[in-house]
Every structure is written in structure tokens, then in C-alpha cells.
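Biologist: I want to learn how labels get attached to a structure. Show me one, and I will ask where each word comes from.

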Amino acid sequence: SKEKGKNQYTLCSPAMKEEVLQKTQLTNSLYRALERNEFVLHYQPQVSVSTQEIVGLEALIRWNNPELGMISPATFIPLAEQTGLIIPIGQWVLETACRQIKEWQVMGLPPIRMAVNLSLVQFQERNLLSLVGGILNETGLEAKYLELEITESAAADGEDDIVHVLHELKELGVSLSIDDFGSGYSSLSRLKTLPVDRIKIDMQFVRGISTGNKDEAIAKTIIQLAKNLELQVIAEGVETASQVEFFNTYKCDEIQGYYFYKPMPASEVEGIF
Ligand code: C2E
Ligand code: CA
Ligand code: CA
Ligand code: CA
């Protein structure tokens, strides 16, 4: 029919063809990125509010492709998850981050944590526990210096398998953190059953903080919730002095954000201690 013909035309619009083409090109490049050494980790310091000292680093992946330039993880991580490439990429991130923090400890830098982001897809892989255990063995990193970040949405995922894996990881001695807390999935009852050590206040609330507004009320509530549950709490995306003051006043444990440090290459980390 005419209707159908019209729809088919819409499905093949030049803009959509272009998008499919771009996605295909990106995916093809992503398949080769690991072997071509196009990934690098940057590290963003996490600062104690009470002592102002650096207590941790978050590893954040960067992809520099010779043809496509720098591609944001916000773009390629979802693609890596869809294609399953997140498994080898995630393994590379874990290995690199653990080897790096161990190297810094051996060099005499203060013993601080290394936080690594894990996708839900990685938690669903059967061998995550042995992967993490194997990497700790290989690198000689003590488990207590590794922190795994799982997003609130992944933690809220219905599968009990994930809770089980989290408990096993905890037994290994690594710490666990819930990323993007408050970003939309109601995991309050979930928090009871998850063996987590820390929650990260979602950046959107930090961004919006000003006196007496709703973001401020939410941020305060999350800090209080963490305290009541005896969890550590960190605010990320902190960019201004007044945000620092807010988190100081309400006794948030730690801060991560451009106000103190942007994510930086390994070579620069050595210079900030
Ligand atoms: P995320 O885990 O929530 O990481 C925080 C993001 O906020 C990072 O963006 C960081 O560079 C940025 N950020 C930190 N402080 C500030 C600030 O003060 N202001 C602003 N505007 N931004 C700030 P990035 O590095 O582009 O990463 C984006 C997301 O990509 C991450 O969000 C995480 O979900 C994902 N990602 C990055 N590296 C990895 C990885 O190795 N594995 C996995 N699975 N995901 C990763
Ligand atoms: Ca994170
Ligand atoms: Ca986050
Ligand atoms: Ca995020």
C-alpha cells in the first residue's frame, strides 16, 4: 500500500543510512582497538573532605582512534556492551588499573584505592570472580585497594545472580561502590541486600545544588541515608567552591570533580603526590 511504501522510504532515509554507516564504522574500529593499543586509562583523584588528601583514583577509559579521533566512553561503552566487546575491554581495564596502582605503591606513592567501572554485562559473565582473583594474584595487588563501581541501574537489575557475585567479590576482599546513586532506579530496598561499601551521589544532584532547592534536599538525604546504613558516601562532578562547602557542611566523606582534579594520564598522577 501507499502507507507502507511511505514507511519503507522513511526507514531508509539518508540520515538513518548515515547513522547506520557511522555505527558500523565505529563498531569495526572498536573490534580492532584493543590489538592496536588505542585505549588508554586516565585517572581522576578522589579527595577526603576532612583531610583534603587523595584517598583514591577512578580509572576512566579513553579511546584515541587514528581515523576517528577521540571517542567518548559515553559513546563507545554502550556499543562495546551491545557487541560483547566490553568483556575483553573490561578485562584490559581491570588489568591495567591494578598493575598501575601496584606499580605506584612499589614506587612509594601513598597506598590508595583504585576504582574500576564494571558494566552489568561483565557481572553477568560467569567467570568475573576468577577474573578479578586472577588479576589480583598476577599483579600482587592487595584486594582491599581495588574498588569495583557498579551503576545503580545495574545493581537494581532483578537478577539475584548479581547479588551473589557481589557477595563473592566482597569475600575476596575488594570493595564495592554504587555509581550514579539516585539516578532513577529505586534501589532503596536493594541497598539492604547489597554488600556495598560506598555510594556515589549522582552528578545531576551535585550540578543543581543551590541553597534551599530540591537537588540540595536530595543530596542531603543521600548523605544521611549513607550514614544511617553505615556506608561511605562520595560526591562526584564537584566543580565549584560552594559545592565543596556544601559537602563539607553536610559531612560527605569524599569528593571527586574538576574543582580538585580532572581525569589525567598516568604520567601526571605521579606529580600530584
Ligand atoms: P562515570 O563512571 O559516572 O564517570 C564520571 C564521569 O564524569 C567521567 O566521564 C568523568 O570524566 C566525568 N567527570 C568527573 N568530574 C567531573 C566534573 O567535575 N564535571 C563534569 N562535567 N564531569 C566530570 P567520562 O570519563 O567521559 O566517562 C563517562 C562514563 O563512561 C563513565 O561515567 C562510565 O559510566 C563510563 N566509563 C568510563 N570508563 C569506563 C570503563 O573503564 N568501563 C566501563 N564499563 N565504563 C566506563
Ligand atoms: Ca564511575
Ligand atoms: Ca557516576
Ligand atoms: Ca554515569
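Modeller: Donors are N, O and S atoms within 2.8 Å of the metal, or 3.2 Å for Na, K and Ca; water is not among the atoms, so sites may look incomplete. Now use that here. The calcium ion (ligand 2) and the calcium ion (ligand 3) are 4.2 Å apart, and Asp179 coordinates both.

Biologist: What kind of model is this, and how is it numbered?

Modeller: This is a predicted model, where local features need pLDDT of at least 70 and side-chain atom pairs count only at pLDDT 80 or more, while totals for chains, interfaces and linings use all residues. Residues are numbered from 1 along each chain as its sequence is written, chains are lettered from A and ligands numbered from 1 in the order in which they are written, and side-chain values use heavy atoms, with hydrogens and water left out.

Biologist: What makes a residue a protein donor of the calcium ion (ligand 2)?

Modeller: Distance does. Glu58 (OE), Asn117 (OD1), Glu149 (OE) and Asp179 (OD) lie 2.2 to 2.3 Å from the ion. The limit for Ca is 3.2 Å, so these atoms count as donors. Along the chain, their spacing reads E-x58-N-x31-E-x29-D. Glu58 sits in strand β2 and Glu149 in strand β5, so the pair ties together parts that are 91 residues apart in sequence.

Biologist: Which residues coordinate the calcium ion (ligand 3)?

Modeller: Asp179 (OD), Asp180 (OD) and Glu236 (OE) do, at 1.9 to 2.3 Å. Their spacing is D-D-x55-E. Asp179 belongs to strand β6 (residues 175–181) and Glu236 to strand β8 (residues 232–236), 57 residues apart.

Biologist: What makes β6 a strand?

Modeller: Helices (H or I, at least four residues) and strands (E, at least two) are DSSP runs, numbered from the N terminus. β6 covers residues 175–181.

Biologist: Why is Glu58 called buried?

Modeller: Buried means under 20% relative accessible area, exposed over 50%, partly exposed in between (1.4 Å probe, protein chains only). Glu58 has 3%, so it counts as buried.

Biologist: Why is Asn37 called exposed?

Modeller: Its relative accessible area is 66%, and the cut-off is over 50%, so Asn37 is exposed. Asn37 lies in the loop between α2 (14–33) and β1 (39–48). Its phi is near 55 degrees, a positive value in a residue other than glycine.

Biologist: How do you know that β4 and β5 pair?

Modeller: Two strands pair if DSSP finds at least two bridges between them. Strand β4 (residues 113–118) and β5 have five bridges, in the parallel sense, so they pair. Met114 stands opposite Leu146 in β5. β5 and β6 also pair in the parallel sense over five bridges, and Ile150 has Ile178 in β6 as its bridge partner.

Biologist: Why is β5 said to be largely enclosed?

Modeller: Five of the six residues of strand β5 (residues 146–151) are buried, so the rest of the structure largely encloses it.

Biologist: What makes a residue nonpolar, polar or charged in the lining of the largest pocket?

Modeller: Ala, Val, Leu, Ile, Met, Phe, Trp, Tyr, Cys and Pro count as nonpolar, Asp, Glu, Lys and Arg as charged, and the others, Gly among them, as polar. The lining has 18 nonpolar, eleven polar and ten charged residues.
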